[in-house]
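Q: Below is a structure I would like to go through with you, asking at each step what a given label rests on. Please set each value against its cut-off before drawing a conclusion.

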Amino acid sequence: MARLIRTEKEVEGRFEEVWLVVDEDPLDQWPEGPRTIVGRPAQRLDGRERVSGLARYTADLKLPGMLHAAILRSPHASASARRVDTSRAREAPGVRAILEPGDIQQLSADANYHGAPVLAIAAETYGQARAAVDLVEIDWDVREPLVDPEEAVRRESFLEEPRRYTRGDVERALAEADVVVESEYRTQTVVHNPLEPHQAICEWLGDELHVYISTQYIWGVRDTIADTLGLPPDKVRVVCEFMGGGFGAKNGPGTYTFVAAELAKRAGRPVRCALTRREENLDAGNRNATIQRLKAAARSDGTIVALQGEFIASVGWGGWLAPTAGPMQMLYACENVETVEYGTKLNTPPMAAFRAPGFAEGTFGLECLLDELARKLDLDPLELRRRNYAHNDAKDDRPFSSKNLMECYRRAEPHWARRDEVRARSDGTWKRGVGLASQIWYGGGGPPSYAWVRVGADGRVQVVTAMQDIGTGTRTAMAQIAAEQLGVPLDRVQVSLGDSARGPYASISAGSSTTPSMGPAVRAAAADAGRQILEIAAQRYHKEERTLSLANGQVQCSDGGAWRIEDVVGLLEDAQILGKGARGPNPTGMQTLTFGVHVAEVAVDVETGEVRVERIAAIHDVGRIINPLGASSQVEGGVIQGIGHTLSEDRVVDPATGTILSQSLDAYKLPTMADTPPEIVSEFVDVPDAHLTNLGSKGLGEPPIVPVAGAIANAIRDATGADVHQLPISREELLRALDAARDRARREPVSA
Amino acid sequence: MSELTINGHRYELEAPVGRALADVLRDDLGLTGTKIACYEGHCGACTVLVDGVPTLSCITLVHSVEGREVTTIEGLRDHPMIDAFVRADAVQCGFCTPGQVVSAVALVEANPTPSRDEIRHAMSGNLCRCGTYTKIEEALASWRA
C-alpha cells in the first residue's frame, strides 16, 4: 500500500526534508555473509559489450539529419563583449543555426571566467561549426579578474554566507591543553576529465524533447530541462544506456544540453553538442582548491580536546560550498570544535561535485594534522586515532546506524606492523615509510527509488528501472540482488535501464548512493514477483503457499516437491509476472555514514623529490558487499584517482590574467599504469547495517578516494620527516618540505 | 579515392586530405568501438593497430595508412584478450577500454609472456580515468588462462 511520509534526504552531504510516497515491502535482511549470489564475485553483465566496443555511448550515437554544435567561449577571465558580429559566420559553409548571447540564458556577452559560453553555432559537421565560430568577431572590454581567494575573503566576495559551526568551548580547551599543533594545508583545483566528454544530442518530436546524454542522473536532467524550458516533465525523455565516466561532473544538464535543445528547435533537426577535451578542462566543473588553517589540542594522554579550522574554498564563479570542515566535525570524538568555511566567488570556472566533495580535501588536512599531533605527543598514529574514537555523531547528536571503524583499525594492524620492515628497505637516496589516514563520508543513499521485475514464461528475469550505470557495475549488482531473491542463476537475469520513458524513477548515481538507493527497491520488486510465482504454484499444484519457496531456479515445497520456475510461469504463455518495489526511508534519528582506513607505503627520493607509492591497503566499512569483484575495482579506482590528485594533477591558472593554462591531457597529468602502486589490497568489514533497508548495504563509490592523500603524505613524513602541506605533492613541494625538516632538525635536535 | 584495408576488408572511400583515421572509422564506416576522448594524441582511447603496431588513430591521417593493414577493436572480438579483460573486471565505464585492449593485444602478439615492467611500459600511453590499471595488469598477466 502506498504510504506518504516525511523524511530526510542526503546527497553529497547536503540534506533536505522531502515528502515521499513509499510502497515498501517489509523484508528481513539476509543473514550476514556471502549468499548464493549476493556477496560472491560476479563478472560484469555488460563486460563484454564494454570491453569489445559494442556498448553504444552518447558519443557513438548518430541520428538521421543530425547537426553538430560548437560553442564560442570567452578567452578572458572577466570581460564583456561590446560588439558581436556573426555576419561572416552566418555565411560560412554548412551553418544551419546560430545562438547569439542572450538567445538562451546560458549564453552571455558578459563573461566571468575563462571558457564562459558566449554563443553557439550548429552546422552539418563539427569542423564546419568550429570554423564558423572562428569567423565571429568580438570586441571585448576586459576587466581585472579576481582569482585570489584570500583577496576574495577580504572583499567578502562569497557565493553563499560563510558557514560557521561551534560545539563546546574551543578557546578554553586550547588554553587548558597540554599540546597544541597548528598548520596550514592547501589543496589544488582538480578536473574530473571523464574520458567521454560531456555531451548531449537533442531532438524535438513535435512538442516532445528527446535528450540523449552522458549523465549520472537521468531524472535530474529531465526535471531541470523541463523546469528551465517550461515543459511538462513527461514531454522530456532522457536516454543514457552507457556512459563514459562522470565522477560528479555529470549530475545535471550543462550548457551544452540547452545549446543542443535550442539549436535543434531552430534548425528543425537533431543537434549534438559535445565538449572538446580542452573545453572539458575549462568548463565542465572541478574539485575546487582549498586553504585550510587548522589547530588541534590534546591532553598528554592523547585525548583531543579541541579542533579548530578555517577553510577557504576557491569555488569559482558558480557551484556550491562543499563540506571541507566535515571530517573535522565528525571523524573524532572531540567536545570542542569550531569551524568556519568561506566559499569564495572568483573569476574562475565553476566547481562541481567531485567524488566525496569537501571530504577528500578536508581529510587530507585533518589527517596530516593528526600525525603532527601524534609526533608531538610521541604517540603511535593508529593509537591516537583509536583513543579519539567517535561512538556517536557528535555533530548532530545522534547514534550511527552502524559503525565498524574500530574493526577497520584492527584489520589495519598487520599492514601498519610492516613499517619497521618497510623503513629498513630504505636504500641510498630512496627513503621508505608507512602512513595511514581514516575515512569518513556519507553513502547511505535514500528514497525515492523504484524498480520493476518481470518474469517471463521462459523463466528469465528482467529488472527494469530508469537508472544509469556510470561504470560502477550497477547493472551487475542489481542483477545479483534479483537473482538472489528469486533463487535463479545470475545468467537468467538481465537489467534494462537508461531511459526515463521506459522505466520507473531511479536515484542519482552520485554520493555513493546507487547501490544503497536502488538495491532495496530491486530486492522488493523481486520479492513481489517471487510471491506471485508462489501464489500461482500453490494453486496449480494444490499446495499451501507457506510451504513453498524459491531456490535453484525452482519452486520447492517443504514436502519435497519441486517445479521449474519456467513451468510455473509458463502457464502465463506470453504474459509476464510483474513485481514492483520501492526504496523505503532511512532510519529516523540515526546518522548513516561510511568508514575506513588506508595504510600507504611510499618510497621517496630525497635528492629529486620523486615519490613512488609502493603499496596501499584499503579497509572499508560500507555494510554488506554485493559484488566483491566489482567492489575491489571501485576501491582500486578510488585509490588510483586519489594518487592523481595527491601527486600529479593540477589545474593551473595564470594569476595575472585568470586564464587556464592546463587545458590538455599533456598539461593536466592524470595517473597512468606506471603510477599505480604494484599492490593495492582491498578489504571489507562486510557486515550489513542492521538499521538500513532490506539490504544493509552502503555506497562505495567515494569512500576509497577520501583518505589517499593523507595516508601518502603521512607515509612521506614517516619516510623522511618532511611535513607536506600542499597538494599535489610536486617535487618542488617535497623538496621544500625536506628543506624545512632539515632546518627544524638543526634547530631542535631530537634523539632518534 | 583512398583504398583502405580494415579488419581484413577492403574499403574504397573519398576522404578529404587531412581527415583523421579515427573520424573515417567512426563517422564514415560506423566502427564506433574506437573511441575519441582527447583528439590530440594524449590519451590512447583511439588506439588501433596499423600493421600490428599500436597507433593513435585521432592523429593519424587516413591517407597515410593506404595499403596497410588497419585492425580496430571490431577486428579483435574473438581475441582471448577480450575474455581476459572481462574475467579480471578490467573495465569500469569502458570508454578507454577498447583502446586498452588494442594496446594489450599488440603487446602480447609481439611478446606473449610480458613481464610486469613490460606491461606497465607498453600500457602507459592508455589513460583510464576510472583507475582500472590494477585489473588491466591482471588481465595481461593471465590473458591465456
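Predicted model: local features only at pLDDT ≥ 70, side-chain atom pairs only at ≥ 80, totals over all residues.

Q: Why is the pairing of Asp60(A) with Arg26(B) called a salt bridge?
A: The label requires a side-chain nitrogen of Lys or Arg within 4 Å of a carboxyl oxygen of Asp or Glu. The side chains of Asp60(A) and Arg26(B) meet with an N to O distance of 2.8 Å, and because the cut-off is 4 Å, the pair qualifies as a salt bridge. Between chain A and chain B the count is 7 salt bridges, and there are also 28 residue pairs in polar contact, both partners being at pLDDT 80 or more.

Q: Which element gives the largest share of the side of chain A that touches chain B?
A: That share, 9 residues, comes from α17(A). By class, the residues on this side of chain A divide into 25 nonpolar, 18 polar and 11 charged.

Q: Why is α17(A) described as largely enclosed by the rest of the structure?
A: Of the 21 residues of α17(A), 19 are buried, and the helix is therefore largely enclosed by the rest of the structure. From first C-alpha to last, α17(A) reaches 30 Å, close to the 30 Å expected at 1.5 Å a residue.

Q: How do you know which residues of chain A lose the most area to chain B?
A: The area buried between the two chains is about 4100 Å², with carbon and sulfur atoms giving 55% of it. In chain A, the residues that lose the most are Val51(A), Leu195(A) and Met673(A), which together account for 22% of what that side buries. Contact between the chains involves 54 residues of chain A and 43 residues of chain B.

Q: Does Gly102(A) count as buried or exposed, and why?
A: The cut-off for exposed is over 50%, and Gly102(A), at 55% relative accessibility, therefore counts as exposed. Gly102(A) sits in the loop between β5 (95–99) and β6 (110–111) of chain A.

Technical notes
Residues numbered from 1 in each chain as written. Chains lettered and ligands numbered in written order. Heavy atoms only, no water. Contact = heavy atoms within 4.5 Å. Buried area = accessible area lost by both parts, 1.4 Å probe. Polar contact = N/O pair within 3.5 Å; in protein donor to acceptor, adjacent residues only side chain to side chain. Helix = DSSP H or I, 4+ residues; strand = E, 2+ residues; numbered from the N terminus. Nonpolar A, V, L, I, M, F, W, Y, C, P; charged D, E, K, R; others polar. Expected span 1.5 Å × (residues − 1). Buried < 20%, exposed > 50% of the residue type's maximum accessible area, 1.4 Å probe, protein only.
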